Amino acid sequence: MHTASPPTTVPPSRTAASRARRRAVLPGFGISAAITSLVITSLVIFPLTVLVLRAASLGPAGFLAAAWTPRARAAYAVSLGSSLAAAVISSLVGLLVAWVLVRLEFPGRRILDALVDVPLALPTAVAGLVYSTLYVEKGWLGQWLVPMGIRGAYSLLGIVLVLVFVSVPFAIRVVQPVIESLDKDTEEAARLLGASRSQTFFRVVLPGILPAVVTAFALSLARALGEYGSVVFISGNMPFKTEIAPVLIVSRLEEFAYAEATAIAVVLLGMSLSMLLVVNVLQQRLARNAQ
Amino acid sequence: MTLPRLLFGVTFLSVASLAGLLAGCAKPTGDGTGTTPTVELLNVSYDPTRELYKDFNIAFARHYLAEHGTAVSIKQSHAASGSQSRAVIDGLEADVVTLATWPDVEAIAKSGLTRADWQHRFDNASIPYHSVVVFVVRKRNPKEISDWSDLDRDDLTIITPNPKTSGNGKYSFLAAWGSVLAAGGSADEARGFVERLYRRTPVLDTGARAATATFSQKGIGDVHLTFENEAHLEVEESNGSLEIVYPKRSIRVDPPVAVIDANVDRKATRHAAEAYLGFLYSPEGRGIVAKHHYRPWTAGTVGPPEGFPAIEMFDVEFVTGSWDEAMKNLFGEGGEFDRIYQPAKATN
């Protein structure tokens, strides 16, 4: 096994096993690895395998007939489109909020910092209900916004709104520690060496935090794609317009069509996995460039 | 929109969703009777029966102790009817089920957990009480809605849950369709009416209680189609801002009950489980049922139970032949409901 570490650190006479033993500073590696693989297998791999097997029981033609109808395609588009929009907004807003929380001193900063976690603790169905109550025609906000043509309930905009709500805490909490770890001296040095403010930001600060922003985007996207509870209360669930894929899954379950329901789930899963993969590759490139 | 009502709605739905979670975890909440239980029953039911069975369980426990000298403690589980049916099939150890629609119980029978003759084991095809689909409208009925034909007007919007995900939604769809047939219309006319009705339905909530919130809390729509028992709860909670309208005729709602054979035989609870469902047909049981705005069934009586308005009723078989056909032709993939939303070009 070739390792990337320079050969000088390990005498060539040592075997691979003794090298591993020597390098493991923390005790209990074996048992930790066993627990880890057990947890990952039982929580992630096993359920996903059952999901795929159940969908596979349909055969290729049955799978296509269940998962690739015009209505299902429209639902995937709604799910993916609104999740992408929400992830873009969440990662940008998350960057801004994290910056403010780390770098600016103002009264109430700690309270604001604590409030960031509220969306994580609130049952999302409650969020969906409150948002739709606010934005309907007779709601507190809707009575001003709807006459202006802004419909925040029973529309794509409404879906994006609640998806930002549920995903933005992830974005903030991912970017925040990275900004905290930024060395202010580097920025000052850049300024002293004659860089403009925008140059300092785009050439010195941004490369350091961009990988974190991309991670924030990926987490927000994953969170948004899986969201169901809040969306069903604000989307109106109109087929071909505001119906998300998870609602279709529930529809099929009501017909006791388990395999057909899992077929839709598998497509959704495949889409989110491939998008996360793309984001991951992008992020690794950025991280390498930043070094 | 007042804040207390908003908060009420929020609490209501969060509790409802938590209850769903609980049901999924097969951890029902207890209805302790205060005595040491020797028999324990689990009644797996659907959302709107929560208050009914809370009362009924206390009465039954008293009755059973007096009759048989055995204390019985009944646990309840409530969520959407279809997901409750799936939970029982997947292993929730229900002794009895009291669900919203025939297909939900039939699915359990098809899984082998209860015998195929479940429908013939209690009177009236194992349907101890009925309900009927009625209209809920705004105070003083500003749009003057009195019957199904009024729902065909362009100036009305209608609130009803998605029939694909909700039993309440299925019955409302069937009621609208059947109202045209019962008035002498053809299947094509019924299709046209139902299509126009859903075109003026701005929101398709996934469940009955969400649709109630959309109509009563958010103030959307002119008429809400729902079960009579739900309509009474909705109107009682509206502080006089809503009222019920009975159309000339509507669909009879038949929520069936069944003993789950495999579970009662293993747990040795058959006697108590059968007595429990049988008690729904007793005078005391019927009284509790009626108090919660379900129409109790009584052998040999014609006309509505005392205190309920008369309304001409048709059943699901009249509308579409059978539940199986309804599930396939109306609510199945590519069925009548799907066709309403099919864009003109797209083919399935």
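Biologist: How many residues of H8(B) are buried?
Modeller: In this predicted model, 9 of the 9 residues of H8(B) are buried, so this helix is largely enclosed by the rest of the structure.

Biologist: Which residues are they?
Modeller: The buried residues of H8(B) are B:Ala208, B:Arg209, B:Ala210, B:Ala211, B:Thr212, B:Ala213, B:Thr214, B:Phe215 and B:Ser216.

Biologist: Let us turn to H9(B). Which of its residues are buried?
Modeller: Helix H9 of chain B covers residues 228-237, and its buried residues are B:Glu228, B:Asn229, B:Glu230, B:Ala231 and B:Glu234.

Biologist: What covers them?
Modeller: The cover includes H8 of chain B, together with strand E4 (129-138), strand E6 (223-227) and strand E7 (242-245) of that chain.

Biologist: Which residue with a positive phi follows H9(B)?
Modeller: That residue is B:Asn239, with a phi near 55°.

Biologist: And H4(B): how many of its residues are buried?
Modeller: For H4(B) the count is 7 of the 9 residues, so this helix too is largely enclosed by the rest of the structure. The buried ones are B:Trp102, B:Pro103, B:Asp104, B:Val105, B:Glu106, B:Ala107 and B:Ile108.

Biologist: What lies over the buried residues of H4(B)?
Modeller: Their cover includes H3, strand E3 (96-98), strand E9 (257-259) and helix H14 (323-330), which belong to chain B. After H4(B) comes B:Gly112, which has a positive phi near 95°.

Biologist: At what angle do H3(B) and H4(B) pack?
Modeller: They pack at about 10°, and their axes are 9 Å apart. That angle makes H3(B) roughly parallel to H4(B).

Biologist: Which residues make the contact?
Modeller: H3(B) contributes B:Ser81, B:Gly82, B:Ser85, B:Val88 and B:Ile89, while H4(B) contributes B:Asp104, B:Ala107 and B:Ile108. By class, these residues divide into 4 nonpolar, 3 polar and 1 charged.

Biologist: A change of topic: how many residues of chain B are in contact with chain A?
Modeller: The contact involves 29 residues of chain B and 28 residues of chain A. On the chain B side, helix H1 (3-24), helix H3 (81-89) and helix H8 (208-216) each supply at least two residues.

Biologist: Which helix gives the largest share of that side?
Modeller: H1(B) does, with 6 residues. The side of chain B that touches chain A has 15 nonpolar, 11 polar and 3 charged residues.

Biologist: What about chain A? How do H4(A) and H9(A) cross?
Modeller: H4(A) spans residues 70-103 and H9(A) spans residues 156-181; their axes come within 6 Å and cross at roughly 40°. The two helices are therefore oblique to each other, and H4(A) passes H9(A) in a right-handed crossing. Their contact has 21 nonpolar, 7 polar and 1 charged residues.

Biologist: How many residues are in the largest nonpolar core?
Modeller: The largest nonpolar core has 107 residues. Those with the most contacts inside it are A:Val162, A:Val175, A:Ala216, A:Ile264, B:Val133 and B:Leu174. The largest share of this core, 14 residues, comes from H9(A). A second, separate core of 42 residues includes B:Ala79, B:Trp102, B:Trp118 and B:Ala273.

Biologist: What does A:Ala216 touch?
Modeller: Not counting residues up to four places away in sequence, A:Ala216 touches A:Ser91, A:Gly94, A:Phe170, A:Ala171, A:Val174 and A:Val175.

Biologist: Now back to chain B. Where does B:Ala262 lie?
Modeller: B:Ala262 lies in helix H10 of chain B, residues 261-267. This residue has 15 C-beta neighbours inside 10 Å, so B:Ala262 counts as partly exposed. Leaving aside neighbours within four places in sequence, B:Ala262 is in contact with B:Leu113 and B:Thr114.

Biologist: And where is B:Ser146?
Modeller: B:Ser146 is in the loop between E4 and strand E5 (158-159) of chain B. With 13 C-beta neighbours inside 10 Å, B:Ser146 counts as partly exposed. Its C-alpha atom is separated by 37 Å from that of B:Ala107, 39 residues apart along the chain.

Biologist: Finally, how many helices and strands does chain B have?
Modeller: Chain B has 15 helices and 11 strands. Of its 348 residues, 48% are buried.

Key
Residues are numbered from 1 along each chain as its sequence is written. Chains are lettered from A and ligands numbered from 1 in the order in which they are written. This is a predicted model: local features need pLDDT of at least 70, side-chain atom pairs count only at pLDDT 80 or more; totals for chains, interfaces and linings use all residues. Axes are lines fitted to C-alpha atoms, for helices over the stretch in contact, and angles run from 0 to 180 degrees between N-to-C directions. Helices (H or I, at least four residues) and strands (E, at least two) are DSSP runs, numbered from the N terminus. Angles under 35 degrees count as roughly parallel, over 145 as roughly antiparallel, 65 to 115 as roughly perpendicular and the rest as oblique. A crossing is left-handed if the near helix is turned anticlockwise from the far one by less than a right angle, and right-handed if clockwise. Ala, Val, Leu, Ile, Met, Phe, Trp, Tyr, Cys and Pro count as nonpolar, Asp, Glu, Lys and Arg as charged, and the others, Gly among them, as polar. Two residues are in contact if their C-beta atoms, placed from the backbone, lie within 7 Å. A nonpolar core is a set of buried Ala, Val, Leu, Ile, Met, Phe, Trp, Tyr and Cys residues joined through C-beta atoms within 7 Å. A residue is buried if 20 or more other C-beta atoms lie within 10 Å of its own, exposed if 12 or fewer, and partly exposed in between; C-beta atoms are placed from the backbone.
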